Amino acid sequence: MCANYEPIAKSRAQLLNLFEPTFDYKTDIFPAHNGPIIISTDRGLEWRSARFGLVPNWADNRLCCTNLSVKAFSAI
């Protein structure tokens, strides 16, 4: 799994013939951070904010694992 990624800049959304995302996000996305994704709906393509990363089986709270990156890097 990747440790982080750089999402598309809002100003470059036009290259995909899409409007800019209406929510803020960081320029570098790490596990447990929210970032932009594109999904297909009945109305066409839409931007959504989604949490990046996988939740390990040892995590106590699988819905909101805010310390995931700290736990993962501490395990190394």
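Colleague: Let's start with Phe 52. Is Phe 52 buried or exposed?

Modeller: Phe 52 counts as buried, at 17% relative accessibility. Bear in mind that this is a predicted model.

Colleague: How many aromatic pairs does a search of the whole structure find?

Modeller: The search finds 2 aromatic pairs.

Colleague: How accessible is Tyr 5?

Modeller: Tyr 5 is partly exposed, because its relative accessible area is 26%. The cut-off for buried is under 20%.

Colleague: And which residues form the tilted pair?

Modeller: Phe 23 and Tyr 25, at 5.9 Å centre to centre and 55 degrees between the planes. Phe 23 and Tyr 25 are both buried.

Colleague: Which residues make up the largest nonpolar core?

Modeller: There are 5 residues: Ala 13, Leu 18, Phe 23, Tyr 25 and Trp 47. In soluble globular proteins, nonpolar side chains tend to be buried together.

Colleague: What does Ala 13 contact, leaving aside its neighbours within four places in sequence?

Modeller: Ala 13 is in contact with Ile 8, Leu 18, Phe 19, Glu 20, Pro 21 and Trp 47. Leu 18 and Trp 47 are also members of that core.

Colleague: Zooming out. What pattern does the protein follow along the sequence?

Modeller: β-β-α. The secondary structure comes to 1 helix and 2 strands.

Colleague: What share of the residues counts as buried?

Modeller: 24% of the 76 residues. The protein exposes about 5,900 Å², and carbon and sulfur atoms supply 54% of that area.

Colleague: And what share of contacts joins residues at least 24 apart?

Modeller: 32%, among contacts between residues at least 6 apart in sequence.

Colleague: On to charges. How many salt bridges does the structure hold?

Modeller: The structure holds 3 salt bridges. One of them joins the side chains of Lys 10 and Asp 24, at 3.1 Å from N to O. Lys 10 and Asp 24 are 14 residues apart, each in the segment before strand 1. Lys 10 is partly exposed at 25%, while Asp 24 is exposed at 71%.

Colleague: Which residues are linked in a network of salt bridges?

Modeller: Arg 43, Glu 46 and Arg 48. Arg 43 meets Glu 46 at 2.8 Å, and Arg 48 meets Glu 46 at 3.0 Å.

Colleague: Is Glu 46 buried or exposed?

Modeller: Buried, because its relative accessibility is 18%. Arg 43 is exposed at 71%. Arg 48 is partly exposed, with 37%.

Colleague: Last topic, the backbone. Which phi does Asn 17 have?

Modeller: Asn 17 has a positive phi of about 60 degrees, although it is not a glycine. Most residues other than glycine have a negative phi. Asn 17 is exposed, at 72% relative accessibility, and is found in the segment before strand 1 (34-41).

Colleague: What about Ala 32, what is its phi?

Modeller: Ala 32 has a positive phi of about 80 degrees, and Ala 32 is not a glycine either. Ala 32 lies in the segment before strand 1. Ala 32 counts as buried, because its relative accessibility is 15%.

Key:
Residues numbered from 1 in each chain as written. Predicted model: local features only at pLDDT ≥ 70, side-chain atom pairs only at ≥ 80, totals over all residues. Heavy atoms only, no water. Core = buried A, V, L, I, M, F, W, Y, C linked by side-chain atoms within 4.5 Å. Buried < 20%, exposed > 50% of the residue type's maximum accessible area, 1.4 Å probe, protein only. Contact = heavy atoms within 4.5 Å. Helix = DSSP H or I, 4+ residues; strand = E, 2+ residues; numbered from the N terminus. Phe/Tyr/Trp six-rings, centres within 6.5 Å; stacked < 30°, edge-to-face > 60°. Areas by Shrake-Rupley, 256 points an atom, 1.4 Å probe, with all protein chains shown as cover. Salt bridge = Lys/Arg side-chain N within 4 Å of Asp/Glu carboxyl O.
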